[in-house]
Amino acid sequence: AEHVLVKGRLDVCLQQILPRPPFFTGITFYFAELPTVQLTLDGTLMGLRVSLLWLEKILAEIIQKQLAEQIVLPAVAAVLLDVTNDDAWFEAGNMFPEGICTVVVLQAEDLAAKDLALPFGLSQPSSDPYCEVTLGTSHWRTPVRPQNLNPKWLPAEGTRQFLVHSRSEQQLQLHFYDENPYTEDVSLGYLSLPVSELPAEVINMEPTL
């Protein structure tokens with residue numbers, strides 16, 4: 001590979017201050033959101049430069065999947081610095097969720113028509129939209145609405161709950177696509193919302209005597 005680029009925000013936390021070197025028990029680090037991965041390969045065949053875009057995409061997806069499993073919330077990586085302390089209190093593992101985010105996708109209006117009209121008036125320009133919702137490493141999509149620029153979904157179809165592991169850092173992402181059976185789906189619009197800006201409801205879980 002000539003070039004590998006991982007783009008995202010990496011949070012690094014120093015754990016438990018010590019009065020002596022190494023001054024901290026350890027370090028934990030993670031991505032609150034799934035980072036993007038770009039991979040550039042240099043290929044030649046009989047002295048001629050060849051395109052390896054298909055292989056670059058496959059390898060980038062593999063790297064991104066491994067990052068999601070190892071270092072994207074709720075997964076947290078850790079490095080122990082105070083190796084002399086047998087009672088070091090922290091370890092690598094998963095972060096406990098802070099709450100649940102309930103997403104309800106009900107409708108979209110005036111979406112772009114990405115599918116061409118069929119000849120002889122058999123169909124008008126339109127799209128086959130669906131909405132993909134992402135929070136952290138969790139993904140979900142609504143059913144497709146064929147040939148519809150103003151799609152609607154029933155609450156039972158458009159509702160999904162996601163675990164929130166860092167309300168101050170994570171983003172709720174909504175991406176509308178036009179589904180294509182034989183080619184890559186086409187983007188119709190994208191929205192990213194900080195979870196911290198969403199309405200929050202606090203439920204008292206303490207037992208009542």
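Predicted model: local features only at pLDDT ≥ 70, side-chain atom pairs only at ≥ 80, totals over all residues.
Let's start inside the protein: its largest nonpolar core has 17 residues, and V103, V105, V133, L135, L172 and F176 have the most contacts within it. A nonpolar core here is a set of buried Ala, Val, Leu, Ile, Met, Phe, Trp, Tyr and Cys residues joined through side-chain atoms within 4.5 Å, and buried means under 20% relative accessible area, exposed over 50%, partly exposed in between (1.4 Å probe, protein chains only). At least two residues of this core come from each of strand 9 (99–104), strand 10 (129–135), strand 12 (159–164) and strand 13 (171–178). Helices (H or I, at least four residues) and strands (E, at least two) are DSSP runs, numbered from the N terminus. A second, separate core of 10 residues includes F31, V37, L41 and I71.

Residues are numbered from 1 along each chain as its sequence is written, and side-chain values use heavy atoms, leaving out hydrogens and water.

Back to V105: beyond four places in sequence, V105 touches C131, V133, W140, T142, W153, G158, L174 and F176, where a contact means heavy atoms within 4.5 Å.

Now for the outside. W54 is found in helix 1 (residues 53–71) and counts as exposed because its relative accessibility is 55%.

Overall, the protein chain has two helices and 14 strands, and 31% of its 209 residues count as buried. Its mean pLDDT is 86, with 87% of residues reaching 70 or more.

Methods. pLDDT = per-residue confidence, 0-100.
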